[in-house]
Amino acid sequence: MKNVRIYLISDSVGETAQKLIAAVSAQFPTIDLSDIQLFPFTNDEESLGEILKDALLDKSIVVTTLVNKELVAFVDAFAKRTGLQYVDFMSPLTTMLEKTFGVEAVQEPGALHRLNQAYFSRVAAMEFAVKYDDGKDPRGFLDADFVLLGVSRTSKTPLSLYMANRGYKVANLPLIPEVALPAEVHQVDPRKMVGLTTNPESLTEIRRSRMHSLGLKEETHYTNCERIEAELAYANEWFKKLNIPVIDVSKRSIEESAMLIEEQAKEQAHVQ
């Protein structure tokens with residue numbers, strides 16, 4: 001399985017591009033397109049420039065759904081200057097319609113979505129996921145709909161953002177043997193927590209690929225097989241202590257993992 005990292009940049013929530021990427025992914029069963037870094041609500045050149053620089057460093061493919069023509073031109077100029085691979089999902093059809101009918105596009109981000117309560121809830125959930133990503137502030141665990149736990153590179157952040165786009169407030173915490181779990185974890189309802197795991201071989205490959213993409217040595221403590229096995233064992237011990245459901249993400253897409261979490265939550269609610 002070949003791995004491709006995608007940077008998805010949108011001036012709205014990015015839902016349109018995610019659906020298109022999923023449709024394209026289905027046509028390439030030997031290519032893993034699940035490693036999607038989502039950058040929603042990007043509406044200024046300074047933020048956009050930093051994202052593009054990171055994408056270039058990561059050797060990623062950039063997918064955009066930007067409606068602001070100045071931002072589109074900024075990405076296009078950056079790509080031509082640096083050789084960055086990128087796809088613009090919005091401009092070709094927009095430009096064609098403008099030329100055909102002589103009508104200018106309104107350039108309104110998120111115009112597809114009605115400004116109803118559900119829309120604002122999704123925006124709030126996205127902001128929540130960014131604010132409480134990677135254990136930045138454990139206090140957020142107490143307000144979350146779900147708290148994802150797992151070792152590094154088990155899709156915690158992509159899954160958090162995907163579920164946020166579906167309206168859930170999701171926080172996540174990396175499990176590191178040398179770092180004690182914050183006290184807030186023990187105050188969260190176990191039914192709201194989910195453990196993410198994978199097999200050592202897959203995780204080793206993912207971490208080595210990550211180091212390679214950053215131009216760093218692949219053989220490090222971070223990618224050591226014995227270290228990875230110890231981290232996964234440590235995580236599994238905590239999953240058992242906390243009595244929380246566990247999802248193996250090694251052979252699942254982000255969408256599949258999210259669906260499992262939703263189904264488990266519905267089952268638990270039904271039992272109540």
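Student: How many bridges join strand 3 to strand 4, and do these strands run parallel or antiparallel?

Tutor: In general, the strands of a sheet pair through backbone hydrogen bonds, either parallel or antiparallel. Here strand 3 and strand 4 run parallel and are joined by four bridges; two strands count as paired if DSSP finds at least two bridges between them. Thr 64, for instance, has Asp 88 as its bridge partner in strand 4. Before we go on, note that this is a predicted model, in which local features need pLDDT of at least 70 and side-chain atom pairs count only at pLDDT 80 or more, while totals for chains, interfaces and linings use all residues. Residues are numbered from 1 along each chain as its sequence is written, and side-chain values use heavy atoms, with hydrogens and water left out.

Student: In what order do the four strands form the open sheet, and which are its edge strands?

Tutor: The order is 2-1-3-4, with parallel pairing, where strands (E, at least two residues) and helices (H or I, at least four) are DSSP runs numbered from the N terminus. Strand 2 (31–39) and strand 4 (85–88) are the edges, since each of them pairs on one side only. Strand 1 (residues 2–10) runs parallel to strand 3 (residues 61–65), and five bridges join the two.

Student: Why is strand 3 described as largely enclosed by the rest of the structure?

Tutor: Strand 3 is largely enclosed because four of its five residues are buried, a word that means under 20% relative accessible area, whereas exposed means over 50% and partly exposed lies in between (1.4 Å probe, protein chains only). Gln 18, found in helix 1 (residues 15–25), also counts as buried, at 11% relative accessibility. Leaving aside neighbours within four places in sequence, Gln 18 is in contact (heavy atoms within 4.5 Å) with Leu 8, Val 13, Leu 38, Tyr 162 and Asn 165.

Student: Which residues touch the most other members of the largest nonpolar core?

Tutor: In soluble globular proteins, nonpolar side chains tend to be buried together. A nonpolar core is a set of buried Ala, Val, Leu, Ile, Met, Phe, Trp, Tyr and Cys residues joined through side-chain atoms within 4.5 Å. The largest core here has 23 residues, and Leu 175, Leu 181, Met 193 and Leu 242 touch the most other members. Strand 5 (146–150), strand 6 (170–174) and helix 8 (225–242) each supply at least two of its residues, and helix 8 gives the most, with seven. Apart from this core lies another, of 14 residues, including Tyr 7, Ile 9, Leu 52 and Leu 66.

Student: How many aromatic pairs does the structure hold, and what is the arrangement of Phe 128 and Tyr 132?

Tutor: The structure holds three aromatic pairs, in which ring centres of Phe, Tyr or Trp (its six-membered ring) lie within 6.5 Å; planes under 30 degrees apart are stacked, over 60 edge-to-face, and the rest tilted. Phe 128 and Tyr 132 form a tilted pair, with 4.6 Å from centre to centre and 55° between the planes. Phe 128 is buried, with a relative accessible area of 10%, and Tyr 132 is buried as well, with 11%.
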